[in-house]
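Hello,

Here is the structure I promised to pass on. Please have a look at it first, and my notes follow below.

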Amino acid sequence: MENPVIQIRNMTKVFHLGGGNDVHALRGVSLDIYPGEMVAIMGPSGSGKSTLMNMIGCLDSPTSGEYHLDGLQVSSLVDDELAMARNQKIGFIFQKYNLLPRANAIENVELPMRYSENTDDMTGRAKEMLKLVGLEERMNHKPNELSGGQQQRVAVARALVNHPAIILADEPTGNLDSVAGQEVMDLLLKLNREKGTTIVIVTHDPGVASQAQRIIRLFDGKIVEGGLE
Amino acid sequence: MMRFFRVVKEALASIFGNKTRSFLTVLGIVIGVGSVIGMLSIGAGAQDSILGSIESIGTNTIFVMPGELGEVTNAKALTISDVDALSNRMRAPHILRVSPMVMSQTNVSSGENSLTTTFFGSYAEYADISGIDLAEGSFFNQTDIDSRSAAVVIGPDLAEELFGRRSGVVGNEVRINNSPYRVIGVTKAKGGTQFNNPDMQGYMPITTMQMRIVRQSIPNSVSYIIIQAQDSASIPLAIEEAQQILRESHRLSARQENDFTLTNQEDVANIAGQVTGILTVLLSGIAGISLLVGGIGIMNIMLVTVTERTSEIGLRKALGARKMDIMIQFLTESGLLSLIGGILGIGLGWAFSFLIGNYAANSGVPLVPVVQTETVLLATLFSTLVGLFFGWYPAQKAANMEPVEALRHE
């Protein structure tokens with residue numbers, strides 16, 4: 001079998017809130033995610049799923065434990081190396097799309113490339129990605145000229161543009177009505193099926209989670225289903 | 001290079017995306033740079049004007065004033081016999097010409113026109129010492145001195161006041177203290193300050209002045225003596241000689257201080273240069289404070305901008321922006337803001353000094369503000385530095401944001 005693209009062992013995260021109040025957001029999490037998988041991470045609020053997502057997304061460093069992402073030992077990286085890892089290995093999709101309001105769709109998709117080594121023909125590559133998500137007609141529109149579903153598709157194109165190891169989606173349908181939400185899910189499913197893109201979706205929506213091949217459930221900072229021992 | 005170009009383009013888009021705010025933000029810099037440029041140009045103009053009028057006194061000249069500098073009370077008057085002693089070529093080989101000077105504010109009139117101005121009584125040599133050129137007629141000569149002739153040479157502005165014209169007045173009569181004088185010459189326009197305008201002055205033989213106008217308590221006393229050295233290199237020697245001669249003729253013992261003061265025109269020019277220099281520094285220092293305040297304005301707005309764009313910063317960090325990328329982005333923005341302010345400020349300063357120049361010209365003050373290239377370059381550089389300096393803290397704040405928290409920000 002292939003090596004897992006995400007390999008997490010005994011990861012803990014403690015937030016020191018001051019006054020001796022420590023919050024144990026993650027209490028020893030271990031999991032593997034393999035290339036081409038589509039995985040949903042579920043759990044009630046306070047279960048640690050956001051913290052786990054931040055760890056997987058290299059946005060934060062764990063208190064202890066090991067994290068390998070696509071051959072990279074993330075737990076030992078410093079700030080700028082983490083930024084590089086995010087840029088190269090991870091494509092983020094956010095609940096609120098997080099597009100730059102003043103930039104059009106192409107410029108929004110170009111953004112991750114600007115922070116990468118390869119800045120050749122950014123516009124061409126951005127257009128290619130926008131075609132892939134079915135927005136070739138609206139490439140020069142600004143976010144406020146696009147529907148929520150279209151904005152989220154721009155975000156998907158932006159997530160794909162640096163050919164990351166995984167797509168990390170945080171409640172990607174949370175701000176959309178059911179039809180637009182399903183369109184975005186269909187797009188992600190198609191990418192997973194046809195391109196073999198590894199996708200990790202953090203959600204509390206069982207309807208969304210059920211479309212994934214595997215569900216990882218968190219409770220009280222621990223994995224109760226879908227992880228390793 | 002492309003990367004930098006894109007950063008600049010993005011910063012410009014952000015600046016022009018909120019025009020009103022950006023304009024108000026740079027207003028402080030505009031006014032700051034504008035006033036610095038304005039003050040420096042006026043300072044440079046004043047310096048030119050003052051040095052010009054000092055040079056108009058004459059070249060290689062040395063003034064002898066009665067009294068020790070700062071102690072005018074027990075001054076011993078300078079007299080014609082001092083002048084005679086100084087004129088001794090054997091004793092003072094480095095002195096070319098000497099003229100005693102008597103100055104008097106007198107009333108001068110012609111027909112209905114009457115005014116009070118400064119008249120100088122001097123020797124005929126004064127025209128050469130002081131470089132007085134005549135537009136018409138001639139300066140008085142030794143014969144006029146000897147005969148105490150009632151002849152005057154007047155400046156073109158004075159001619160204008162008295163006769164309503166600046167030329168064609170030679171041979172006319174003016175009345176000074178109600179006695180008639182013949183105009184024998186009109187000087188060429190020299191220009192000068194309002195307080196020291198040679199074009200409004202008049203000259204007459206010192207003998208005439210002493211006899212008819214100035215009432216003297218000490219016989220043959222003069223206001224001051226003007227000496228011209230052979231050339232600029234012999235000024236120090238001429239001063240030395242003049243000092244020796246005057247000490248002897250005033251019978252000063254070795255222990256006594258000079259009871260007169262020797263000043264050369266170069267010293268005066270240096271002092272005036274220093275004074276205007278200090279004034280310029282002072283004025284632009286005050287103007288610089290507004291530049292500082294403008295910089296604080298930029299810092300203030302950049303802090304607001306950083307807070308407003310927290311989630312954007314979070315997004316950029318999530319997409320792989322390093323600290324340096326964020327830092328550069330915000331520094332570029334604040335640097336460009338103040339550069340734009342600086343450029344607008346240069347325009348404002350230029351307009352300001354142009355207006356001052358016009359105003360000065362209209363009120364007869366020969367002040368021509370000079371906007372120097374180095375001033376403009378300095379202002380541009382300095383305003384950009386102000387932007388970078390005051391943008392540093394907000395940019396640092398943006399760069400150090402934790403991506404998780406920044407993303408969570410509403």
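Let me start with a strand pair in chain A: strand β1 (residues 6–16) and β2(A) run antiparallel and are joined by 9 bridges. Within this pair, A:Val14 has A:His24 of β2(A) as its bridge partner. Helices (H or I, at least four residues) and strands (E, at least two) are DSSP runs, numbered from the N terminus, and two strands count as paired if DSSP finds at least two bridges between them.

Before going on, please note that this is a predicted model, in which local features need pLDDT of at least 70 and side-chain atom pairs count only at pLDDT 80 or more, while totals for chains, interfaces and linings use all residues. Residues are numbered from 1 along each chain as its sequence is written, with chains lettered from A and ligands numbered from 1 in the order in which they are written.

Back to the sheets. The β1–β2 pair sits in an open sheet of 4 strands, ordered β2-β1-β4-β5 (chain A), with antiparallel pairing. Its edge strands, β2 (22–33) and β5 (72–73) of chain A, each pair on one side only.

Another open sheet in chain A has 6 strands in the order β6-β7-β8-β3-β9-β10, and its pairing is mixed. Here β6 (90–93) and β10 (222–225) of chain A are the edge strands. At one end, 3 bridges join β9 (residues 214–219) to β10(A), and these two run antiparallel; A:Arg217 stands opposite A:Glu225 in β10(A). Helix α5 (residues 148–160) of chain A packs on the sheet and touches β6 and β7 of chain A.

The largest nonpolar core has 116 residues, and among the members that touch the most others are A:Ile41, A:Val109 and A:Ala157. Such a core is a set of buried Ala, Val, Leu, Ile, Met, Phe, Trp, Tyr and Cys residues joined through C-beta atoms within 7 Å. Buried means that 20 or more other C-beta atoms lie within 10 Å of the residue's own, with C-beta atoms placed from the backbone. Helix α2 (residues 19–55) of chain B gives the most to this core, with 14 residues. A second, separate core of 50 residues includes B:Tyr126 and B:Ala238.

Finally, how many residues does each chain bring to the contact? Chain B gives 18 and chain A gives 19, where contact means C-beta atoms, placed from the backbone, within 7 Å.

Enjoy exploring it!

Best wishes

Terms used:
A residue is buried if 20 or more other C-beta atoms lie within 10 Å of its own, exposed if 12 or fewer, and partly exposed in between; C-beta atoms are placed from the backbone. Two residues are in contact if their C-beta atoms, placed from the backbone, lie within 7 Å. Axes are lines fitted to C-alpha atoms, for helices over the stretch in contact, and angles run from 0 to 180 degrees between N-to-C directions.
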